[in-house]
Amino acid sequence: MEHYLILARSVTYAQRMQRALEKAGIRCQIFRAPRDLTDLGCAYVLRLAVADLPQALITIHRAALDPVQIFLYQKGTYREVAP
Amino acid sequence: MIYLDSAATTFQKPPAVAAAMQRALMTMSSPGRGGHPAAIRAAETAFACRSELAELFSISNPEQVVFTMNATHGLNIAIKSLVPPGGKAVVSGYEHNAVTRPLLALGARVSVASGPLFAPEEILAAFDRMVTPDTDAVICNHISNVFGFILPVEDIAAICRKRKVPLIVDASQSAGILPLDMTAMGAAFIAMPGHKGLYGPQGTGVLLCGEGISPHTLLEGGTGSLSIHQEMPDFLPDRLEAGTHNMPGIAGLLEGVRYVKQRGMDTICLRERQLTLLLAEGLRTIPGLRVYALPGLRQQAGVLSVVSETKDVEILGEELAERGIAVRAGIHCAPFAHRTAGTLETGTVRLSVSDFNTPAEIYQTLDVFHAILR
């Protein structure tokens with residue numbers, strides 16, 4: 001199923017993003033980042049529905065929580081998209 | 001046992017603290033170290049604890065809440081981040097060795113803003129004289145661990161802001177008892193134990209880091225982030241939290257903080273002051289016992305020191321222990337405070353209460369003092 005992954009610099013940062021999104025009514029889950037998505041080593045991502053991305057970006061930007069990278073999962077692969 | 005040594009560690013904790021610790025042992029691994037349920041549960045608990053603490057101390061970003069082993073650990077990070085070797089620090093005359101020993105290790109030039117007990121105006125005037133723009137850091141405790149003296153940290157913070165000098169507050173005795181607004185104060189760091197007025201377990205502490213501060217690391221190691229890189233992350237809390245977290249401790253601390261918030265710091269402080277006033281007024285009636293408190297317990301929290309003219313403090317402490325009263329005798333790791341107050345030669349017997357003490361315990365303690373010193 002198509003979804004977006006928002007890469008965070010740490011688990012605490014991901015939790016701050018999750019808190020901000022939940023307050024805005026956007027559901028998301030925290031997972032470990034797939035290894036081939038990042039050259040940072042260990043990292044965490046927020047997974048959210050495709051339809052939620054525009055509002056999610058506005059919400060986290062307002063909260064001064066900028067993602068490291070954003071990826072779209074489509075047809076079995078991840079592709080980096082511009083935030 | 002009647003426990004009156006809460007300035008060292010609160011012994012009685014809310015029941016939820018031990019329950020949470022046991023739950024953590026059985027269900028949590030380590031935050032930021034996996035995506036499995038045990039790691040996620042740990043991460044959720046750690047984040048909840050950071051968030052509760054951030055709210056309690058008026059910080060908007062929970063990332064600025066760093067878990068430490070104790071207040072000493074936090075103070076070492078704070079001091080070593082701001083004071084270079086041979087640097088200049090101004091401290092109050094009531095500091096603990098957790099402040100003065102790191103400063104000595106750095107070879108810092110230390111000015112002591114001194115003043116008599118329970119005289120905040122004189123202390124403030126001394127800080128005003130001594131803090132200059134070339135001061136690397138001001139370090140001040142909020143409440144003296146020996147005398148319960150409440151220092152005017154908000155006013156000292158205002159002096160620091162005016163002169164653009166970073167302030168480190170040692171909130172070891174005040175966290176959970178007196179309010180501290182980190183943002184309004186503009187403090188660089190506030191260090192505190194988790195195991196005193198926040199009612200968490202021993203082995204927990206918290207360092208609140210001011211916005212934009214880039215602290216030095218005391219420990220380097222795994223953080224569960226940026227693991228490809230050999231440098232420590234430059235962001236909090238990871239920068240200061242190398243190694244596996246004390247999850248049972250953090251889970252217990254979370255419940256302790258929730259207890260404080262539920263009870264209200266005003267309620268806790270009032271209760272502790274009432275108990276201490278009762279103690280001070282009762283002890284004053286014993287001939288030959290010097291009681292370090294002003295009438296009405298002005299400018300003092302729930303910590304009280306006494307000295308007997310006839311009995312060594314350690315012997316008095318031991319005799320009280322034999323009769324079931326747990327107090328602390330000696331120098332309390334704070335020779336600066338004793339030098340300032342003139343009790344360095346004798347030391348003191350310190351009695352310190354928590355929210356769990358009762359008036360009945362205070363009356364019983366007074367009876368025991370009368371029996372020993374009659």
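Chain A holds an open sheet of five strands, in the order β2-β3-β1-β4-β5, and the pairing is antiparallel. Here strands (E, at least two residues) and helices (H or I, at least four) are DSSP runs, numbered from the N terminus, and two strands pair if DSSP finds at least two bridges between them. The edges are taken by β2 (29-32) and β5 (77-81) of chain A, each pairing on one side only. On average, and ignoring direction, neighbouring strands of this sheet are turned by 35° against each other; axes are lines fitted to C-alpha atoms, for helices over the stretch in contact, with angles from 0 to 180 degrees between N-to-C directions. This is a predicted model, in which local features need pLDDT of at least 70 and side-chain atom pairs count only at pLDDT 80 or more, while totals for chains, interfaces and linings use all residues. Residues are numbered from 1 along each chain as its sequence is written, with chains lettered from A and ligands numbered from 1 in the order in which they are written.

Now for a look inside the sheet. Strands β1 (residues 3-8) and β4 (residues 69-74) of chain A pair in the antiparallel sense over five bridges. A:Leu5 sits opposite A:Phe71 in β4(A). Helix α1 (residues 11-23) of chain A lies across β1, β2 and β3 (44-49) of chain A, at about 25° to β3(A).

Then there is the partner chain. In chain A, 15 residues are in contact with 17 residues of chain B, contact meaning C-beta atoms, placed from the backbone, within 7 Å. On the chain A side, α1 and β2 are the elements that give two or more residues, and α1(A) brings the largest share, five residues.

Conventions
Contact = placed C-beta atoms within 7 Å.
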